[in-house]
Amino acid sequence: MKKLLTLILSTCLFVSVAHGAKKDTDEEIAERIKPIGSVHVAGAAAESAAAAGPRSGADIYNTACVACHASGVLGAPKKGDLVAWQTRIDEKTFDTVWQNAINGIGGMPPMGTCGNCSNDDIKAAIEFMME
Ligand code: HEC
């Protein structure tokens, strides 16, 4: 059972990492083709701004964290379970909990599998789960 879960989770991890990598490549391509034509420039610039721009905690949660934090897979504190979140923060401080999400802890993968998240994106996602 545990092996199966690990297999499923690592598949999820692989898919989301691969997805993240593809997005970067698309952005790189958009960046490279920018000077080709003025019509294209506007479109590509708008597109890459949208892709690289700030995302809300909700966006990040729904993309990267929901798989485990909605149902509490492997003991993940659930979204909206304020007691579970507050207990962790009381024990370790918010900054430590945040660092653990960045570096990974137990069944929690580094950056929660969000390959293109910044540290602040992770913070926003944590805050969203505590709402
Ligand atoms: C593969 C499943 C999985 C995914 C995806 C995942 N988490 Fe977790 N997360 C866990 C588990 C399991 C724990 C509990 C770890 C422990 O305490 O041993 C956890 C714990 C945490 C903690 C508490 C850390 C602490 O020190 O107590 C934070 C914060 C967190 N996750 C944030 C996130 C964020 C933000 C995302 C999305 C960007 C995310 N997680 C995605 C499984 C996941």
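A: T113 lies in the loop between α5 and α6, where helices are DSSP runs of type H or I with at least four residues, strands are runs of type E with at least two, and the numbering starts at the N terminus. The model is predicted, and local features need a pLDDT of at least 70, while side-chain atom pairs count only at pLDDT 80 or more and totals for chains, interfaces and linings use all residues. Residues are numbered from 1 along each chain as its sequence is written, and side-chain values use heavy atoms, with hydrogens and water left out.

The phi angle of T113 is near 75 degrees, a positive value in a residue other than glycine. T113 counts as buried because its relative accessibility is 18%; buried means under 20% relative accessible area, exposed means over 50%, and partly exposed lies in between, using a 1.4 Å probe and protein chains only. S118, also placed in the loop between α5 and α6, counts as partly exposed because its relative accessibility is 34%. The C-alpha atoms of S118 and I102 are 9.0 Å apart in space, although these residues are 16 apart in sequence.

The iron atom of the ligand is coordinated by H69, through NE2, and by M108, through SD, at 2.0 to 2.1 Å; donors are N, O and S atoms within 2.8 Å of the metal, or 3.2 Å for Na, K and Ca, and sites may look incomplete because water is not among the atoms. H69 belongs to helix α3 (residues 57-69) and M108 to the loop between α5 (94-103) and α6 (119-129), so the pair ties together parts that are 39 residues apart in sequence. The iron has 6 donor atoms with angles of 86 to 179 degrees among them, and its site is octahedral, a label given to six donors if opposite ones are over 155 degrees apart and all others between 65 and 115. H69 counts as buried because its relative accessibility is 8%, whereas M108, at 23%, counts as partly exposed.

What lies around the loop? The largest nonpolar core has 19 residues, of which C65, W98, C117, I122 and I126 touch the most other members; such a core is a set of buried Ala, Val, Leu, Ile, Met, Phe, Trp, Tyr and Cys residues joined through side-chain atoms within 4.5 Å. Helices α3, α4 (82-92), α5 and α6 each supply at least two of its residues. Leaving aside residues up to four places away in sequence, W98 touches N119, D120, I122, K123 and I126, where contact means heavy atoms within 4.5 Å.

T93 counts as partly exposed because its relative accessibility is 44%.

Methods
Tetrahedral: all angles 85-135°; square planar, octahedral: opposite > 155°, others 65-115°.
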